Amino acid sequence: MVGIKAGKPCRLLLLGYGSVQKSLLQYLITREQDLLPHKVEIAGVCTRSDGAISFVRSMSAAEVLDVMRGRNERGISADVATVNRIESAAVDQISEGRYDILVENTVSTEDGEPARQYIALALTLGKSVITSNKSPIAHHLDALLQIAKESGGQLKYESCVMDGFPIFNYLDSCLPHEKVTRVEGVLNSTTNYVLDSVEGEMRRGNGEEEEGSRSDASTSVVRSAVYAQALRHAQSEGIAEADPSGDVDGKDAASKLCCIANHISLRRGRRREKMVKPDSIRRTPICDIDLAQLKDAVKSGGKMKQIGRLSIGWAKDVVEVLDGQVAFEVVGVDSPFYSLSSFSSAITFHFEHIQPITLVQHNPSLVDTAHGNFSDLLALLKLR
């Protein structure tokens, strides 16, 4: 990215306008002093329903919130912005290049498209990109970083794994010479919340009334009324997707493991011919877990957790992922994951020379994800 001179506005193009982008705009307002001497403005917003909204002049975060809040009631004046609703609107808006940084926060898809296309296009133009979308990073990180290297842009993706906790910056800045040999973690907030909710009911003595729990020991946990209620709550909080299968079937955790593995592979400037892809991570879906297993875990004093694991080998300076899986395990009080409740997540890194380090984030929200985007913005502006 061509350096942004102090005093000259840094223009953001927001791709997607959900809770994360709105929280980021709030951060830009409340943390304005942290951005000095830079002034950050918004050049445009693009959403699936509204199309590409390109402001006639770059606007402040507060102005954008006001315009977007009232767009359904009063519309958007031609004096304020042009609106393009054709199918290629996002591509056209990115191609125009009237921005310095693309903030890509669209919905994740299994193959990373069309987010990969958007990110690649912006990087090709020499722009920098901030994303919390794990799918294009899990599937295409090597190719995207190569484009950035050739064009002079930068790609930041700190929010892809643990919302606001900067695990990639932590590894790169604090432990640059340590080799990671193993990774394990509770990486999906939705699954942790629903399991915690069902087990909580069992501990309170209400689990006996779950459908089939007495007559059929093989009843899947997904048939539990508490499970369904917890899942609806996770969706209402914006933590779980409208289609939660990616969360509870391990796809989300598998993608996050790939983001970690591929970042470790590439973080010293290496370029691997073959990246780890989500399909290579073995997964156990939650429907394979029955209520009897949860009851046994509760009786034994343990807790059921969805845990993602990576085993990493090193040949000199070349990384090889030896094994990857997402499975359900019963953990005891001696596990760093035992105390994780509600939407909390945690990750443990094992190293070649030093003792393991566990990082925990308690009950993250979409505000935390926006904080990760803000942290990436500070890094691009060289303010961190």
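How many bridges join strand 6 to strand 7, and do they run parallel or antiparallel? Two bridges join strand 6 (residues 128–131) to strand 7, and the two run parallel. This is a predicted model, where local features need pLDDT of at least 70, side-chain atom pairs count only at pLDDT 80 or more, and totals for chains, interfaces and linings use all residues. Residues are numbered from 1 along each chain as its sequence is written, and side-chain values use heavy atoms, with hydrogens and water left out. Helices (H or I, at least four residues) and strands (E, at least two) are DSSP runs, numbered from the N terminus.

- Seven strands make an open sheet in the order 4-3-2-1-5-6-7, and the pairing is mixed; two strands pair if DSSP finds at least two bridges between them.
- At the edges sit strand 4 (81–84) and strand 7 (155–156), each pairing on one side only.
- Across from Leu-155 in strand 7 you'll find Val-129.
- Helix 5 (residues 89–96) lies across strand 1 (9–15), strand 2 (39–47), strand 3 (51–59), strand 4 and strand 5 (101–104), and runs at about 30 degrees to strand 3.
- Helix 6 (residues 115–124) lies across strand 1, strand 5, strand 6 and strand 7, running at about 170 degrees to strand 5.
- For these angles, axes are lines fitted to C-alpha atoms (for helices, over the stretch in contact), and values run from 0 to 180 degrees between N-to-C directions.

- Strand 12 (residues 345–351) pairs antiparallel with strand 13 over five bridges, and the two form a hairpin with five residues between them.
- Strand 8 (residues 180–186) also runs antiparallel to strand 12, joined by six bridges.
- Ala-346 of strand 12 stands opposite Val-186 and also opposite Val-360 in strand 13.
- Phe-349, meanwhile, stands opposite Ile-357 in strand 13.
- Seven of the seven residues of strand 12 are buried (under 20% relative accessible area, with exposed over 50% and partly exposed in between, using a 1.4 Å probe and protein chains only).
- Both faces of strand 12 are covered, with Ser-345, Ile-347, Phe-349 and Phe-351 on one side and Ala-346, Thr-348 and His-350 on the other.

**Nonpolar cores**
- The largest nonpolar core has 53 residues, and Leu-155, Val-161, Ile-167, Ile-260, Ile-347 and Phe-349 touch the most other members.
- Helix 13 (residues 251–266) gives this core its largest share, nine residues.
- Another core lies apart from it, with 31 residues, including Leu-12, Ala-61, Val-103 and Leu-381.
- A core here is a set of buried Ala, Val, Leu, Ile, Met, Phe, Trp, Tyr and Cys residues joined through side-chain atoms within 4.5 Å.
- Leaving out residues up to four places away in sequence, Val-161 touches Ile-167, Phe-168, Leu-187, Lys-256, Cys-259 and Ile-260, where contact means heavy atoms within 4.5 Å.

**A helix pair**
- Helix 10 (residues 189–203) packs against helix 14 (residues 291–299) at an angle of about 65 degrees, with axes 10 Å apart.
- Helix 10 brings Leu-195, Val-198, Glu-199, Met-202 and Arg-203 to the contact, while helix 14 brings Leu-291, Leu-294, Lys-295, Ala-297 and Val-298.
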